[in-house]
Amino acid sequence: APGGNLLVYHGWTDPLIAAQNSIDYVSRVGAALGPEKTRDAVRLFLAPGMNHCSGGEGPSVINVLGALDAWSETGDAPDVLIGTRPPGVPARSRPLCAYPAVAQYKRTGSTDDAANFTCVTN
């Protein structure tokens with residue numbers, strides 16, 4: 001719908017649909033809407049090590065609906081989502097940065113803690 005928000009997430013290790021498809025889709029949306037409208041209305045988050053919608057070695061528990069609700073209520077688009085692993089497996093969290101930004105390790109602390117990463121655009 002006009003004026004709506006689109007939040008897309010995709011696992012880098014999705015064995016069914018390549019993550020590049022989501023990148024290409026968001027790029028096509030950007031070409032149609034223009035960069036400013038796209039920045040205001042669309043966010044893509046890529047999860048390292050996540051399979052098709054969940055699972056894998058990476059963070060696959062992501063509060064996507066909560067982020068979309070907050071975005072709709074406040075008008076503030078999310079730049080970072082925190083992904084974690086499900087209960088019962090070794091704990092790991094990562095910041096999932098709004099594309100094209102990526103999480104970069106700060107070179108200190110555990111690599112299993114999202115607090116030790118920052119989002120950068122290369």
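This is a selection-by-selection tour of a predicted model.

**Whole chain**

Start with the entire protein in cartoon view. Three helices and seven strands are present, and their order along the sequence is β-α-α-β-β-α-β-β-β-β. The radius of gyration is 15 Å against 14 Å from the globule rule for 122 residues, so the protein is as compact as a globular protein of that length. Along the principal axes, the C-alpha trace spans about 40 × 30 × 30 Å.

Switch to a surface. Of the 122 residues, 35% are buried. If contacts are drawn between residues at least 6 apart in sequence, 47% of them join residues at least 24 apart. Colouring by charge shows 9 positive and 11 negative side chains; the centres of these two sets are 7 Å apart.

Select residues 61–62, 80–84 and 93–97 next. Residues 61–62 are β3 and 93–97 are β5, while 80–84 make up β4. The three form an open antiparallel sheet in the order β3-β4-β5. Strands β3 and β5 are the edges, each pairing on one side only. Between β4 and β5 there are five bridges, in the antiparallel sense.

**Helix α2**

Move to residues 35–41, which are helix α2, and pick Thr 38 within them. Is Thr 38 buried or exposed? Its relative accessibility is 10%, so Thr 38 counts as buried. Leaving aside residues up to four places away in sequence, Thr 38 touches Val 29, Gly 30, Leu 33 and Arg 43.

Go to Cys 53, in the loop between β2 (42–47) and β3. Phi of Cys 53 is positive, near 75°, in a residue other than glycine. With a relative accessibility of 44%, Cys 53 counts as partly exposed.

Then select Tyr 99 and Pro 100. The peptide bond from Tyr 99 to Pro 100 is cis, and omega is near 20°. Pro 100 sits in the loop between β5 and β6, the latter covering 102–105.

The last stop is Arg 107, in the loop that runs between β6 and β7 (117–120). Arg 107 is not glycine, yet its phi is positive, near 70°. Which class does its accessibility give Arg 107? The value is 72%, so Arg 107 counts as exposed.

Terms used. Residues are numbered from 1 along each chain as its sequence is written. This is a predicted model: local features need pLDDT of at least 70, side-chain atom pairs count only at pLDDT 80 or more; totals for chains, interfaces and linings use all residues. Side-chain values use heavy atoms; hydrogens and water are left out. Helices (H or I, at least four residues) and strands (E, at least two) are DSSP runs, numbered from the N terminus. The radius of gyration is taken over C-alpha atoms; the globule rule is 2.2 Å times the number of residues to the power 0.38. Buried means under 20% relative accessible area, exposed over 50%, partly exposed in between (1.4 Å probe, protein chains only). Contact means heavy atoms within 4.5 Å. Lys and Arg count as positive and Asp and Glu as negative; His and the chain ends are not counted. The place of a charge is taken as NZ of Lys, CZ of Arg, CG of Asp or CD of Glu. Two strands pair if DSSP finds at least two bridges between them.
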